[in-house]
Amino acid sequence: MNVSVKVGQKFPLTIKRLGINGEGIGYYKKKITFVEGLLPGEVGLVQVVKAKPNFIEAKVVKIRERSKERVKPKCKVYDICGGCQLQHLNYDAQLLFKSQIVKDALTKYAKNIPTKIVKPTIGMDNPWGYRNKNQFPVQKKGNQLIAGLYEKDSHQLIDIKKCPVQDKRTIQVTNELRNILMNLKVKVCRNPNKEQGLRYIVTRVAKHSQQIQVTLVCTDDQLKYNKSLIDQIMNLSFVESLSININKEKTSRVLGNQTIHVSGKQQITETLGQYYYDLSPDSFFQLNPEQATKMYGEIEAQANLTGNESVVDAFCGTGTIGIWLSKNAKEVRGMDIIKEGIDDAKKNAELNNRHNVHYEVGDAYKVMDKWIKEGFKPDVITVDPPRTGLGIKAVELIKSVHPKTFVYTSCNPSTLAKDLAHLSKKYKVVSMQPIDMFPQTAQVEVVAKLVAK
């Protein structure tokens, strides 16, 4: 149906459901309309900001009928910051929404898999202050140094001194760092193609040990010679590790390829369950350790190891999943393309006295193919790939290897469902467990169990 709609036009809209990014979805004269900030059941007066042949994007002018699930956001910059999408929705409703996202993905991309296998989302008792790491770009604004996040769809930096989803200790250290950097007149870089200087402040806390790791992302290594800066940073409460990362590229990536250890420990140590993990500045680690423990417990339950199985932990990062499973496995092998992560995985295996674990640097497809040609056949494969999913090569390899159990952990229900549609030709998908790793956002993790047909 061809509906004539103009930018700036206003009309009332009833919201029917939430989209995958937490936006409200309604229909204006049968054309799908997306509106950020409105909830299912709400009626709002909206104004068109984008009119396309297949959809409309609009903004809220006024909410005429409010949902009983609507709550007041805790964050003062929630409406302009792109970090969270669901602070205006009560937490129980957030969990229901996240289970529905997974069901909707199956309905759209894997119609042969019944949605009844999707379990209720595992949430948090306290869904605030969970993030153990922040990565704030910095800018000079007059005589002030600001650090925070960018406004949605813009290059305007919001100065963030409080964040309800971030661990308070990382925010406190970041605030103290900005004062130190400002007082020492440290040069800040706005365009790495044209100038030198500081680009990002990265802070990470190990919640169990309370150790804090600081990484200053710069275009060069000059700050490593600033003794006053180093001394003042290392005197901050709980700061145990200081590094400088070199990133000269004008890119969305925060960290560059070179990290220089400057002072204190090279790694900080985090605990998940009974295991210890050493974390380098550039190694991946789950941002919500409390929920990560629940997720790894779910992976362990789905793997259902007896002590006789050979396990592959693909996209293994710092080895968290493989080490967690190793106590009930005959052998665990893991691979990842990031060398620093594999270095940490090997150290973490030693730290936890896990002698039945082996790690290699490399592409998951190529390394797995090599192992199989050498005669190694896994009984269980577990994967936790990037948002882009496994990709058809890895899917076909897993189908050809045909382990008896395949546990697929995903941070993107859409790519998960697409991969499951291919895998379901040789596997039965028996359960899908959503886990809320990022409360107040539209993101959800899923642990899916597949068994060989």
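**Strand E19 and what surrounds it**

Modeller: Strand E19 and strand E21 (residues 445-452) run antiparallel and are joined by six bridges, where strands are DSSP runs of E with at least two residues, helices are runs of H or I with at least four, both numbered from the N terminus, and two strands pair if DSSP finds at least two bridges between them. Before going further, note that this is a predicted model, in which local features need pLDDT of at least 70 and side-chain atom pairs count only at pLDDT 80 or more, whereas totals for chains, interfaces and linings use all residues. Residues are numbered from 1 along each chain as its sequence is written, and side-chain values use heavy atoms, with hydrogens and water left out.

On its other pairing, E19 runs parallel to strand E18 (residues 380-383), with four bridges joining the two, and Thr 405 is the bridge partner in E19 of Val 380. Between E18 and E19 the chain passes through helix H8 (residues 392-401), and this β-α-β crossover is right-handed, meaning that, with the strands pointing away from the viewer, the path from the first strand over the helix to the second runs clockwise.

E19 itself, residues 405-410, is mostly covered, with six of its six residues buried, that is, under 20% relative accessible area with a 1.4 Å probe and protein chains only, while over 50% would be exposed and values in between partly exposed.

A search of the whole structure finds two cavities of 30 Å³ or more; a cavity is a set of points, on a 1 Å grid over the protein atoms alone, where a 1.4 Å probe fits but cannot get out, and lining residues have an atom within 4 Å of a point. The largest cavity holds about 40 Å³ of space, a volume being the space filled by probe spheres set on the points, which are joined across faces, edges and corners. H8 and helix H7 (364-373) each supply at least two residues of its lining, which includes Ala 314, Phe 315, Val 383, Leu 390, Ala 394, Leu 397 and Ile 398. By class, this lining has ten nonpolar, no polar and no charged residues, where Ala, Val, Leu, Ile, Met, Phe, Trp, Tyr, Cys and Pro count as nonpolar, Asp, Glu, Lys and Arg as charged, and the others, Gly among them, as polar.

In an unreviewed entry, the UniProt annotation "binding site" covers Gln 286, Phe 315, Asp 336 and Asp 384, and of these residues Phe 315 is included in the lining of the largest cavity. Such annotations may be inferred rather than shown by experiment. Gln 286 is found in the loop between strand E14 (275-279) and helix H4 (289-303), and Gln 286 counts as buried because its relative accessibility is 4%.

For comparison, the second largest cavity has a volume of about 30 Å³, and the largest share of its lining, three residues, comes from helix H3. H3 (227-234) and strand E11 (239-246) each supply at least two of its lining residues. That lining divides into eight nonpolar, no polar and one charged residue, and Lys 224 and Leu 229 are among its members.

Note on methods: 1 Å grid on protein atoms, 1.4 Å probe; cavity = no way out; pocket = protein on both sides within 12 Å on 5 of 7 lines; lining within 4 Å.
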